[in-house]
Amino acid sequence: MDHSGHGMMMDMPPFTLGRGLQYSSEPFFMIGCLLALGLYGWAMVRLRRRGDAWPIGRAVAWVLGVLTIALVMCTKLNDYGMVMFSVHMVQHMVISMLSPILLLLGAPVTLTLRALPAAGRGRKGPREWLVTLLHSRYMRVITHPAFTIPMFIASLYALYFTPLFDFLMETKTGHIAMMVHFLAVGLVFFWPIMGVDPGPHRPGYVMRMLELFAGMPFHAFFGIALMMATKPMIGTYMHPPASLGIDALEDQQAGGGIAWAFSEIPSVVVLLALVLQWYRSEQRQAKRFDRAADRDGDKELAAYNAYLASLQARGR
């Protein structure tokens, strides 16, 4: 396989945003996106028919998350990403750092648990198996920062700076597997930090912020390393098709700039989501304290009234 790209892409015209956003069939991700939208919609309809509400904001976040995946995988961006490192880096950043955040804000696990019927006493159905998985040792391991942060970092350095990246880019299957990996790593990294769904590892809000800031700088360092390089570092993109009219080193430096700049976007979005979740948590806790105080006050008042009544009875 020629590392300059698939044979059918050798005569691609120079990249423009208009060409990049044109539809291009990618069956795996197209089917996955349609299923994600369809199943989420089915679960919402099931809840509404039962008389339960589902926040529209969560549905909007889920749809936007799915659409961002379709944008980078089901358009010409995916084709150009096979021969242009800068376009590939846009795909990587979106599918690993923007799409997961939006999908997690959609709370798909919570929606699934509410939509699926209980199997009944002594039996296990899809809902019960999902609950078992959420509380399993496997989930505790893959959502622990000792796993998520190194995996988040390794997805950059251990992939791009080793022959593994070129190996995966040799086939369409390898490329799809790599993109699925980016999405999965993003979901696993951001879920314990700002996910709405229940999970086995859920630290306090300060620790969540520390987890976020522990991973983000490595994206910036990775981008700076690519920007400062004096020669192309990734074999797949060393010899771009002449029809594109690009220089491999300049394209790599542009990709590094994208990786460096993009690390700021999820940090801001996640911090805003965390602050909002923290505020709502404090509000709920304050309401619980108020209700508890009201109950205690009612008990004290009732006891005092009973005491007065007993005194009155004695007086008689």
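Modeller: One convention is needed at the outset: angles over 145 degrees count as roughly antiparallel. Please also bear in mind that this is a predicted model.

Biologist: At what angle do the axes of α9 and α11 cross?

Modeller: The axes of α9 (residues 145-160) and α11 (residues 172-194) cross at roughly 150° and come within 9 Å. The two helices, α9 and α11, are therefore roughly antiparallel to each other.

Biologist: Which residues in α9 and α11 meet?

Modeller: From α9, the contact includes Phe147, Ile149, Met151, Phe152 and Leu159. On the α11 side, Met178, His181, Phe182, Val185, Val188 and Phe189 take part. By class, the contact of α9 with α11 has 11 nonpolar, three polar and no charged residues.

Biologist: And is the crossing left-handed or right-handed?

Modeller: α9 passes α11 in a left-handed crossing.

Biologist: Let us turn to the whole chain. How many helices and strands does the chain have?

Modeller: There are 14 helices and zero strands. Of the 316 residues in the chain, 44% are buried. Among contacts between residues at least 6 apart in sequence, 78% join residues at least 24 apart.

Biologist: Now α12, please. What is its reach from the first C-alpha to the last?

Modeller: Helix α12 (residues 205-228) has 24 residues and reaches 36 Å, close to the 34 Å expected at 1.5 Å a residue.

Biologist: Which residues of α12 are buried?

Modeller: Among them are Tyr205, Arg208, Met209, Glu211 and Leu212. Further along α12, the buried residues include His219, Ala220, Phe222, Gly223 and Leu226.

Biologist: What about α2: what should its 23 residues span?

Modeller: At 1.5 Å a residue, the 23 residues of α2 (residues 27-49) should span 33 Å; the end C-alpha atoms of α2 are 32 Å apart, which agrees. Phe29, Cys33, Tyr40, Ala43, Met44 and Leu47 are buried in α2.

Biologist: Against which helices do those buried residues pack?

Modeller: The buried residues of α2 pack against α3 (56-73), α5, α6 and α11. α2 is followed by Gly51, whose phi is positive, near 95°.

Biologist: Which residue other than glycine has a phi near 50°?

Modeller: Ala107 has that positive value. Most residues other than glycine have a negative phi. Ala107 is found in the loop between α5 (85-105) and α6 (108-115).

Biologist: Is Ala107 buried or exposed?

Modeller: Ala107 counts as buried, because its relative accessibility is 0%.

Key
Residues are numbered from 1 along each chain as its sequence is written. This is a predicted model: local features need pLDDT of at least 70, side-chain atom pairs count only at pLDDT 80 or more; totals for chains, interfaces and linings use all residues. Side-chain values use heavy atoms; hydrogens and water are left out. Axes are lines fitted to C-alpha atoms, for helices over the stretch in contact, and angles run from 0 to 180 degrees between N-to-C directions. Helices (H or I, at least four residues) and strands (E, at least two) are DSSP runs, numbered from the N terminus. Angles under 35 degrees count as roughly parallel, over 145 as roughly antiparallel, 65 to 115 as roughly perpendicular and the rest as oblique. A crossing is left-handed if the near helix is turned anticlockwise from the far one by less than a right angle, and right-handed if clockwise. Contact means heavy atoms within 4.5 Å. Ala, Val, Leu, Ile, Met, Phe, Trp, Tyr, Cys and Pro count as nonpolar, Asp, Glu, Lys and Arg as charged, and the others, Gly among them, as polar. The expected span of a helix is 1.5 Å times one less than its number of residues. Buried means under 20% relative accessible area, exposed over 50%, partly exposed in between (1.4 Å probe, protein chains only).
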